[in-house]
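User: I am new to this structure. Please walk me through how to read it, one feature at a time.

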Protein chains: 2
Amino acid sequence: MMWRIDPASDEPLYAQLVAQVRLGVAHGTLRPGERLPAARDLAASLELNMHTVLRAYQVLRDDGVVELRRGRGAVVAAAAADLSDVERAVAELAAAARRAGLSAQTTTTLVTEAMHR
Amino acid sequence: MMWRIDPASDEPLYAQLVAQVRLGVAHGTLRPGERLPAARDLAASLELNMHTVLRAYQVLRDDGVVELRRGRGAVVAAAAADLSDVERAVAELAAAARRAGLSAQTTTTLVTEAMHR
DNA sequence: TAGTTGTTCTAGTAGTCGTAGAACAACTAG
DNA sequence: CTAGTTGTTCTACGACTACTAGAACAACTA
């Protein structure tokens, strides 16, 4: 797994890690059972604090994306369902939103509203 | 326009206002040229601080959703294009994501990624 | 048993969020 | 022109979050 962290972003560092793992699992780059780097190691290689990485892992655990166990690390849990429908829908939405001149912000607001209903 | 603010939410108050205006414009509830309440008035009726409302208005201005002018208030700017395609795509995505068991979080992460590409 | 790894604790700095009050400048309506 | 409206800008404060830092601890692995 490739990690790309932007310290200058307004998105919190831990949230960037969370998003990348989510995407990896959704796209199949990260497969169920696969192990994420130990928090200490990932923190060292990304020049972050261990607590920052652990916070990301804990968010992912609370969301059911990974399982955490001492001595074993973070393991991808979610048995990813078939996401071809989702990916197609995402692509269609992105195209339609772009045609309509909607910002990414407004688009995700619409999606959030639709999902919470 | 109906305003619903939840002070207990983890979403910042100003962000809640921003999202509601975005949705109003996208759905056609708020039409181009329509005027939003004066920041002082809206703050008073929602029991917020004027600065909190103004922050929301400024975010919306920076995004081109409204225009701000002293003495005239906040006016809806964006000439909303036809959004039927977008709404259909949003509904399809929400359904597909729900079938696949994706969280709203992960789904919006996918959308954000697709829009920024 | 020894090493690995997440968990928990305290602690400090920096920044954001929201509130608060005040003065100011551009615009509108009469 | 005048008076009122409304966004803009400034300073200030308390509460909270984000991140870093160091340390000890507990559960698991090999």
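User: Into how many nonpolar, polar and charged residues does the surface near DNA strand D divide?

Analyst: One caution before the count: this is a predicted model. The surface near DNA strand D divides into 10 nonpolar, 7 polar and 6 charged residues.

User: Which residues come nearest to DNA strand D?

Analyst: There are 23 residues around DNA strand D, and A:Pro12, A:Leu13, A:His51, A:Thr52 and A:Gly71 come nearest. Now look at the elements behind that surface. Chain A gives two or more residues from each of helix H1 (13–27) and H3.

User: Let me turn to one chain. What pattern does chain A follow along the sequence?

Analyst: Count the elements, then read their order. Chain A has 5 helices and 2 strands. The order along the sequence is α-α-α-β-β-α-α. Its C-alpha trace spans about 50 × 35 × 25 Å along the principal axes. Of the 117 residues in chain A, 32% are buried. Now take the contacts in chain A with a separation of 6 or more: 52% of them join residues 24 or more positions apart.

User: In which sense do the strands S1 and S2 of chain A pair?

Analyst: Start with a general idea about strands. In a regular strand, side chains alternate between the two faces of the sheet. Here, strand S1 (residues 66–69) of chain A pairs with S2(A) in the antiparallel sense, over 4 bridges. A:Glu67 sits opposite A:Val75 in S2(A). The hairpin of S1(A) and S2(A) has 3 residues between the strands, and A:Gly71 has a positive phi near 85° there.

User: Which residue has a positive phi although it is not a glycine?

Analyst: The general rule first. Most residues other than glycine have a negative phi. A:Glu47 has a positive phi of about 60° and is not a glycine. A:Glu47 is in the loop between H2 and H3 of chain A. It is exposed because 8 other C-beta atoms lie within 10 Å. Chain B has its own case: B:Glu47 also has a positive phi of about 60°. B:Glu47 lies in the loop between H2 and H3 of chain B, and with 8 other C-beta atoms within 10 Å it is exposed.

User: Is A:Pro32 buried or exposed?

Analyst: Count its neighbours. A:Pro32 has 12 C-beta neighbours inside 10 Å, so it counts as exposed. Its place is the loop between H1 and H2 of chain A. A:Pro32 and A:Ala15 are 17 residues apart along the chain, and their C-alpha atoms are separated by 21 Å.

User: What rotation superposes chain B on chain A?

Analyst: In general, two copies of a chain are related by a rotation about an axis and a shift along it. Here the rotation is 179° with 0.0 Å of shift along the axis, and the RMSD is 0.1 Å. The two copies are therefore related as by a two-fold rotation axis. B:Thr108 is the residue of chain B closest to that axis, at 2.8 Å for its C-alpha. The same surface serves both copies, with 100% of the contact residues of chain B recurring in chain A.

User: How many residues of chain B are in contact with chain A?

Analyst: 35 residues of chain B are in contact with 36 residues of chain A. On chain B, H1, helix H4 (84–100) and helix H5 (104–115) each supply at least two residues of this side. H5(B) gives the largest share, 12 residues. The side of chain B that touches chain A divides into 20 nonpolar, 9 polar and 6 charged residues.

User: Which residues have the most contacts inside the largest nonpolar core?

Analyst: They are A:Val90, A:Leu93, B:Val90 and B:Leu93, in a core of 58 residues. Follow one of them. Leaving aside residues up to four places away in sequence, A:Val90 touches B:Leu93, B:Leu110, B:Val111 and B:Ala114.

How values were computed:
Residues numbered from 1 in each chain as written. Chains lettered and ligands numbered in written order. Predicted model: local features only at pLDDT ≥ 70, side-chain atom pairs only at ≥ 80, totals over all residues. Near = placed C-beta within 6 Å. Nonpolar A, V, L, I, M, F, W, Y, C, P; charged D, E, K, R; others polar. Buried ≥ 20, exposed ≤ 12 C-beta atoms within 10 Å, placed from the backbone. Contact = placed C-beta atoms within 7 Å. Pairing = 2+ DSSP bridges. Least-squares fit on C-alpha atoms with pLDDT ≥ 70 in both. Core = buried A, V, L, I, M, F, W, Y, C linked by C-beta atoms within 7 Å.
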